[in-house]
Amino acid sequence: AYVTQEDVLLGTLTVRESIAYSALLRLPSSTTRHEMKEIIENTISELGLEECADHVIGNWHLRGISGGEKKRLSIALEIITQPRLLFLDEPTSGLDSASAFFVTQSLRNVACRGRTIITSIHQPSSEVFALFDDLLLLSSGQTIFFGEAPAALQFFGEAGFPCPQMRNPSDHFLRCINSDFDHVNNALMGSQRIRKIEDGCNQVMCLTTAEIRERLLQKYRISKLAAVRAKIKEFSVRECGFVYEESRGSHATWLKQLTTLTKRSFTNMSRDFGYYWLRIIIYILVSLSVGSVFHDIGSGYRAILARGACGGFVSGFMTFMAIGGFPSFIEEIKVFCKERLNGHYGVGVFILSNFISSFPFLFVMSLCSVSITYFMVKYHPGFSHFIYAFLDLLLSISVVESCMMVVAALVPNFLMGVVVGAGIIGIMMATAGFFRLIPDLPLIFWTYPISYMNYMAWALQGAYKNDMIGLEFDPPEAGQPKLKGSVVLTTLLGIPLRHSKWWDLAMVALILLVYRLVFFSILKFKERAIPMFHTYYTKRTLHHLRQRPSFRHTPSSFPSKRHHVAVSLASQEGLNSPLH
């Protein structure tokens, strides 16, 4: 299993719920309820999460658990299946010393139960450093030391770089192998913070980082620690004894994953006020405003344009507001990416569960909006006409949400995603047939194919047909025959009557399905393409790094003045910051 550096969690769930959902998603479906509960409680106890087990994790409007507790929860979610090998990326970053120690101690407890834990860590405290069994020191991609952690002090001492008594060993190691300290020295010299070299300094410690690293590398090559590589080679040539088994990250059935994800997503949506509840309130307020502005619109001649304007507002702006759920969906897709990385479930299950869990909220949102506007404006009477208007708005909002999912898959950034999504919806509004009639659009690109790909064009045509066909409107001058709704559609609004309104509704549903399939395809493509891109980028980066002087085995006879160290590393311990 793999624990990322960033704690990607659903803030509306409690600690116990998060672990329970993870267990349901990954453990075999044959696991009994009693066994499942026992595994969950043991995991909570193993990571020391008893006191916060029933507290929500926390998000922008809910106060939650601390950073250390979030990190331990992230670990708990991955050890629920008892993995033999656990990777962690800087588990103590951003934590205070007490939280960092607690997290590392929890990891050590997990390791003591027969599991191997490999973690990258930057500048741990002396207490945290003492908890590690083995240590691997890397500098510019090269192995400086690999062996038991306590033996590192002896190794550095024998190489001529003993650790001062009152210094943290990890700090001393970094001082010796991290080239950033050379840059600090140069900056201090440039600002004249370093004025003289102490006469009694250790000349060995006055070397540049590249020279120190070269001596350590030579020491490592001839030391008994290099026997580790021989041991690894011995393992690799054995015909039997070590067997590698690759297993899926989840053993639950597809149906169990779907029901669990749907329940978890619905719980998150219902508890996150900004996901749907705020939008439902805004939709109701906007619907009341629209209903009062176009109240009892009537069937006069001026009512023709008023009905068209009201239909354009509902099909355009009220569906445009569906992009308001983009920030919450971004958080959910981050959780999906992390869980997909560890093989918790598939892409199809995630997309289907998201649609099922969001459908009740979209249903309520559309029903409230249509109920208010339809009866206040007094559209075409009849239950079938009301149902059509409801389905038209429901599918339109669903299409916008699906469109924003595609945007989120391509632009996983909140501000950029909102801008891109708003631009796409703006283009759809411009070619929907309200601001300019569809027959008057330029044929190239805007009519073919944009208007045919535009859900809003089909939805607006269906809404106009649903409202106006069967009605009669007053003529522009008294004494003239009344205008039939079908004539108004073809002459004033430029809407052909070659097909029925239900065909328009079916096209909106088809566009909804296409957006979901595009979202699925993008996620699957990224799964295959991103590892290939990372491999190419890594090879290219290593190629450039090998050209750098720090990778040469022999230090230059004419070291650059840029790396000249004016003061020994040992004498810099009490040096003030150049900012003070």
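Predicted model: local features only at pLDDT ≥ 70, side-chain atom pairs only at ≥ 80, totals over all residues.
Analyst: Here are short notes on spaces, packing and backbone details.

User: Fine. How many cavities of 30 Å³ or more does a search of the whole structure find?
Analyst: The search turns up five cavities of 30 Å³ or more.

User: What volume does the largest cavity have?
Analyst: About 250 Å³.

User: Which residues are closest to the centre of the largest cavity?
Analyst: Val 314, Tyr 379, Ala 389, Asp 392 and Ala 463 are closest to the centre, out of 18 lining residues.

User: Now the largest pocket. How much space lies in it?
Analyst: About 1200 Å³. The pocket has 35 lining residues. Nearest its centre are Thr 119, Ser 120, Ile 121, Leu 135 and Leu 136.

User: Which element gives the largest share of the pocket lining?
Analyst: Strand β4, with six residues. The elements giving two or more residues are α4 (97-111), β3 (116-120), β4 (134-139) and α7 (169-177).

User: What classes are in the lining of the largest pocket?
Analyst: There are 19 nonpolar residues, twelve polar and four charged.

User: Back to α15. At what angle do α15 and α21 pack?
Analyst: About 145°, and the axes of α15 and α21 (residues 501-546) are 10 Å apart.

User: Is the crossing of α15 and α21 left-handed or right-handed?
Analyst: Right-handed.

User: Which residues in α15 and α21 meet?
Analyst: From α15, they are Val 347, Gly 348, Phe 350, Ile 351, Asn 354 and Phe 355. From α21, they are Arg 516, Phe 519, Phe 520, Leu 523, Lys 524 and Glu 527. By class, this contact has seven nonpolar, two polar and three charged residues.

User: Aromatics next. How many aromatic pairs does the search find?
Analyst: The whole structure has 27 aromatic pairs. Take Phe 329 and Phe 519 as one of them.

User: Where do Phe 329 and Phe 519 lie?
Analyst: Phe 329 is in helix α14 (residues 326-341) and Phe 519 is in helix α21. The pair links distant parts of the chain, 190 residues apart.

User: Backbone now. Which peptide bond is cis, with omega near 15°?
Analyst: The one from Tyr 448 to Pro 449. Pro 449 lies in strand β7 (residues 448-449).

User: Last one. What is phi of Gln 82?
Analyst: Phi is near 55° at Gln 82, which is a positive value in a residue other than glycine. Gln 82 lies in the loop between α3 (67-79) and β2 (85-89).

Conventions: Residues numbered from 1 in each chain as written. Heavy atoms only, no water. 1 Å grid on protein atoms, 1.4 Å probe; cavity = no way out; pocket = protein on both sides within 12 Å on 5 of 7 lines; lining within 4 Å. Points joined across faces, edges and corners; volume = space filled by probe spheres on them. Axes fitted to C-alpha atoms, helices over the stretch in contact; angles between N-to-C directions. Helix = DSSP H or I, 4+ residues; strand = E, 2+ residues; numbered from the N terminus. Left-handed = near helix turned anticlockwise from the far one by under 90°. Contact = heavy atoms within 4.5 Å. Nonpolar A, V, L, I, M, F, W, Y, C, P; charged D, E, K, R; others polar. Phe/Tyr/Trp six-rings, centres within 6.5 Å; stacked < 30°, edge-to-face > 60°.
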